[in-house]
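Here's a quick tour for someone opening this structure for the first time. Take a look at it below, then follow the notes topic by topic.

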Amino acid sequence: MFGTRPTDTYVEEVGRLGHGEVLEWTTTDVPETELVETISVDETINGAEAKHRLDRHFTDVIGDAKFNGSVATMLSGGVDSTLIHTYLDNDATVSAAFDSPEFEFEIEYARRASDLLGSAHEVVLSDEENFLDHVETTIDATGQPLLLPQATLMHLAVSRSPHQIYLNGGLADGLFGTGTAALAYLARYAGRAARLVPNLTWQLEALKKTSEQLRRPASDPTGCAMNFRIHSDQNLVADMFGQTAVEERKNRRLRYTERRVDADDRKGYAAHMHLGHAIEYFHDNILTIWRHAAHDSGKAIQTPFSGRKVFETALAISPADRYARFAVPSRDQPTRVVQHKYLLKELLNERLPAYDTKKRKGYSLLPMQRYLDDGPLSNAFDEYPMPEFVPEHYRGVIREGTDEVSWYALNYAVWRDRILLNEDLDIIETTTVVGA
């Protein structure tokens, strides 16, 4: 119900390798996994050196026709995908969308970025009334619950666009700064003064709450770091399954992360941001699902930000300076005085000066509240009954809900009926069978 699973799968008998692990297995032995690789750095670099290393890395892995087959960038119009395309030696970009009014600005973002890049942009468009159909076909393609509804967009793009390889900007936030980092950076300086001011706005209330969270150890379950990458209503999940279950899931994420990257348990902005972003990076399972969606069509999604050199470059920057900084606000957002992910934005401005790095981030968010309330998912639980693990006296709450918990329950139910309990599944055509 948190929506992130770095290694565990929904079927006990199906294993998955974690980051840095290897598998030793013969057909007569029990498979054994071992963690053989972790990431640490022994140097500290400044922003200019970090941008230089990123530029060199992206040139090496993306530029000069490094790919065999037709290549396109999955262009959302955001900083990450736009930056990636500046290194690609062709003009193909693609995005997918549903015809929901709330999503029109996302299409416009991609088109504006395409105009700046001079790319030949393809928009793969579908009717929102068919959204449940796309949930079904994407779950069929990936073989697992989708976690985030954006997976339907990825499957729509790769299944209907003609290219073989797609470049995706995923994981950049977990390395160079999420929106949480901007809030925490401001709380780092203004939090103490804000405590003396009444909660006049929700922004001020969030600032005060974040300031309080930063004063706890980084491993505190109620602190800022430990609450990265959790979209669901934790109180509702705790009501249904108990607070112990919620804290245990957080502690498992912590233990998984600490085994792979150095972290400390100090208080303050730097410790929380370093641990929280590492949790974001390692537990952002959506890229695995997107790659499965592409594989179903015999295609591949490449993620340049997942490279070890990019991770090491990020870690070499002091965590106090890695994620956010004060900046001059834009005219349309005069209150935004902190800029997160600023290093990538600076690099993009150097390569594409006309791009507006101060515009509002889109996140490719579909209007899920409306979809669940009175849109294409409003009657989905009639077709896919509520998961058995939902307590009886909470089923009405989940059925009528419009938040992430209801979405997680629904796409689990779809997966259960179409995958887990389906005895007539065939191996997808693109699967390679070995050791048969």
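Predicted model: local features only at pLDDT ≥ 70, side-chain atom pairs only at ≥ 80, totals over all residues.

Residues are numbered from 1 along each chain as its sequence is written, and side-chain values use heavy atoms, with hydrogens and water left out.

**Around Trp 290**

- You'll find Trp 290 in helix 12 (helices are DSSP runs of H or I with at least four residues, strands are runs of E with at least two, and both are numbered from the N terminus).
- Trp 290 is buried, at a relative accessible area of 8% (buried means under 20%, exposed over 50% and partly exposed in between, with a 1.4 Å probe and protein chains only).
- Ala 141 sits 149 residues away from Trp 290 along the chain, yet their C-alpha atoms are separated by 9.7 Å.

- Five strands make an open sheet in the order 5-4-3-6-7, with parallel pairing (two strands pair if DSSP finds at least two bridges between them).
- Its edges are strand 5 (120-126) and strand 7 (300-302), each of which pairs on one side only.
- On average, neighbouring strands here are turned by 30° against each other, direction ignored (axes are lines fitted to C-alpha atoms, for helices over the stretch in contact, and angles run from 0 to 180 degrees between N-to-C directions).
- Strand 6 and strand 7 are joined by three bridges in the parallel sense.

**Cavities and a pocket**

- Searching the whole structure turns up two cavities of 30 Å³ or more (on a 1 Å grid over the protein atoms alone, a cavity is a set of points where a 1.4 Å probe fits but cannot get out, while a pocket is an open set with protein on both sides within 12 Å along at least five of seven lines; lining residues have an atom within 4 Å of a point).
- The largest cavity holds about 60 Å³ of space (grid points are joined across faces, edges and corners, and a volume is the space filled by probe spheres set on the points).
- Helix 6 (172-176), helix 11 (269-282) and helix 13 (308-316) each give two or more residues to the lining of that cavity.
- Among the residues lining the largest cavity are His 274, His 277, Phe 311 and Tyr 323.
- That lining divides into six nonpolar, three polar and one charged residue (Ala, Val, Leu, Ile, Met, Phe, Trp, Tyr, Cys and Pro count as nonpolar, Asp, Glu, Lys and Arg as charged, and the others, Gly among them, as polar).
- The second largest pocket contains about 720 Å³ of space.
- Of its 29 lining residues, Thr 142, Gly 143, Gln 144, Trp 415 and Ile 419 are the closest to the centre.
- Helix 4, helix 12 (286-295) and helix 19 (404-420) are the elements that give two or more residues to this pocket's lining.

**Two leucines with positive phi**

- Most residues other than glycine have a negative phi.
- Leu 147 has a positive phi of about 65°; this residue is in the loop between helix 4 (131-142) and helix 5 (151-160), and at 4% relative accessibility it counts as buried.
- Leu 171 also has a positive phi, of about 85°; its place is the loop between strand 6 (165-167) and helix 6, and it is buried at 12%.

- Helix 15 (residues 342-351) is largely enclosed by the rest of the structure, because seven of its ten residues are buried.
- Its buried residues pack against helix 1 (47-61), helix 2 (79-85), helix 6, helix 14 (319-322), strand 8 and strand 9.
- Arg 336 lies in the loop between strand 8 (324-326) and strand 9 (338-340), and is partly exposed at 39% relative accessible area.
- Beyond residues up to four places away in sequence, Arg 336 touches Ala 327, Pro 329, Lys 359 and Arg 360.

Methods:
Contact = heavy atoms within 4.5 Å.
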